[in-house]
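Please open the model in your viewer and keep the selection panel at hand.

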Amino acid sequence: MNIKNIFLTAIITAVPLTANAVTTCSRANLTRCLDSACAINISSNPAARCQYCGTASAGAPAAGDAMRSVSVGTSAKYSFSAKELKSAPSDPGARYAWATAECIKKVAGCTPDDVTDNYDSLIEQSCRAAGITAQVATLRAAAAKTKSKSTCQTDIMACVIDTKRCGPDYSACAQNADFDKFFSGCSVDATGCDEHIAAIRTELIDARDTAIKNADNIIDTIVASYQSQRNTKLTTTKANCTNNAGRESCIDTVCERSMPNKCGAGFAAERSMATQLCKFHDLACDTLK
């Protein structure tokens with residue numbers, strides 16, 4: 001069985017535990033509940049726990065046992081009825097996950113950790129009875145490696161926006177193929193994040209699209225600004241070319257600032273020199289014609 005999926009499925013399908021936080025888990029009742037799904041006919045079959053909720057390698061339990069209720073003589077409140085057992089999966093890994101989720105609902109205050117701490121050793125003993133060594137330590141190690149979504153997102157995002165990959169502005173990942181290439185590589189390196197990968201990919205694509213859109217908007221704003229400046233200058237230049245207004249204004253300015261006699265009466269040479277200095281107005285206006 002895929003042990004990692006067992007623990008993940010159990011945790012994902014479990015009822016929220018906040019309501020039970022103040023209640024102490026009754027391990028006796030928890031064991032009764034789990035046994036009603038995993039220890040059917042154990043008095044005559046010591047390998048039952050291993051067969052039902054351990055590993056398919058232990059072999060299949062006796063025909064008909066799987067649907068048998070073992071609530072007789074125990075509290076029905078904490079045991080599965082024959083009707084409930086009809087919903088129990090036959091695969092040992094899936095059945096373990098199902099029993100964990102359902103027993104957490106039945107026994108107040110218990111968590112998946114309580115199931116692991118209290119029941120895995122019983123499964124291990126049952127597997128030894130069946131001649132199989134259950135790798136409980138390996139299972140717990142795999143479960144412990146599962147990281148929170150926040151941690152996974154931080155690690156994967158840091159990897160994706162590295163300057164050698166998409167870059168902080170995602171400019172190198174505008175194409176989905178480029179983004180997928182880098183994201184896949186970063187996801188493989190992020191161990192313990194398998195259950196969060198799909199959600200993180202969606203969120204990073206949204207971040208990428210927003211970054212690229214904002215970058216495009218900035219460029220559009222800059223282009224529009226330069227276009228506006230050009231239009232303003234063109235309008236001003238056209239106005240200056242009307243009746244040579246710009247050239248005459250230039251000549252008056254040169255005379256006032258640069259000619260000793262201000263191009264006054266009797267100093268035609270100064271005005272002629274100023275006219276030559278302002279000749280560029282004529283060239284500009286000829287260009288616009």
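Axes here are lines fitted to C-alpha atoms, for helices over the stretch in contact, and angles run from 0 to 180 degrees between N-to-C directions; helices (H or I, at least four residues) are DSSP runs, numbered from the N terminus. The model is predicted, so that local features need pLDDT of at least 70 and side-chain atom pairs count only at pLDDT 80 or more, while totals for chains, interfaces and linings use all residues. Residues are numbered from 1 along each chain as its sequence is written, and side-chain values use heavy atoms, with hydrogens and water left out.

Select residues 27-38, helix H2, together with residues 92-106, helix H5: their axes come within 9 Å and cross at roughly 145°. Now show the side chains in contact (heavy atoms within 4.5 Å), which are Leu30, Cys33, Leu34, Ala37 and Cys38 of H2 and Arg95, Trp98, Ala99, Thr100, Cys103 and Lys106 of H5.

Next, select helix H8 (residues 149-160) and helix H9 (residues 176-189), which pack at an angle of about 135° with their axes 9 Å apart. H8 and H9 are therefore oblique to each other, a class for angles that are not under 35 degrees (roughly parallel), over 145 (roughly antiparallel) or 65 to 115 (roughly perpendicular). Ile156, Cys159 and Val160 of H8 meet Phe179, Phe183, Cys186 and Ser187 of H9 in this contact.

Finally, colour by pLDDT, the predictor's confidence in each residue, from 0 to 100. The chain has a mean of 79, and 80% of its residues reach 70 or more; among its elements, H2 has the highest mean (93) and helix H1, residues 3-13, the lowest (43).

How values were computed:
Helix = DSSP H or I, 4+ residues; strand = E, 2+ residues; numbered from the N terminus.
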